[in-house]
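Trainee: Please walk me through reading a model like this one. Where do we start?

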Amino acid sequence: MSNTEKSAKRGRPVIEGSARQAKLANKATKLANGETISRGRPSNPTSKRQARLSAQAARAAAGVEIKVGRPKGSKKEATAEVAA
């Protein structure tokens, strides 16, 4: 098989002037201008979760050890000791 053989055109057909092409062109110009492209639902900076995440990031930046998981002496372990 040589490299000069032609094959059928593959992939999604490009329809100039379509809404998809306009969207792709708009995205390309934003990227070329250095703008960020947001995806998904924006976060709410005043929510409880965002406050917790920012506090955790501040503790990590301060060098405080961040432990993952349930703390010792929590409800599940305490009830097991009482039942025994």
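Trainee: How many helices and strands does the chain have?

Mentor: Helices (H or I, at least four residues) and strands (E, at least two) are DSSP runs, numbered from the N terminus. Here there are three helices and zero strands. The order from the N terminus is α-α-α. This is a predicted model: local features need pLDDT of at least 70, side-chain atom pairs 80 or more, while totals for chains, interfaces and linings use all residues. Residues are numbered from 1 along each chain as its sequence is written, and side-chain values use heavy atoms, without hydrogens and water.

Trainee: Which residues with positive phi follow H1 and H2?

Mentor: Gly-34 follows H1, with phi near 85°. Gly-63 follows H2, with phi near 90°.

Trainee: What percentage of the chain is buried?

Mentor: Buried means under 20% relative accessible area (1.4 Å probe, protein chains only). Of the 84 residues, 1% are buried.

Note on methods: Buried means under 20% relative accessible area, exposed over 50%, partly exposed in between (1.4 Å probe, protein chains only).
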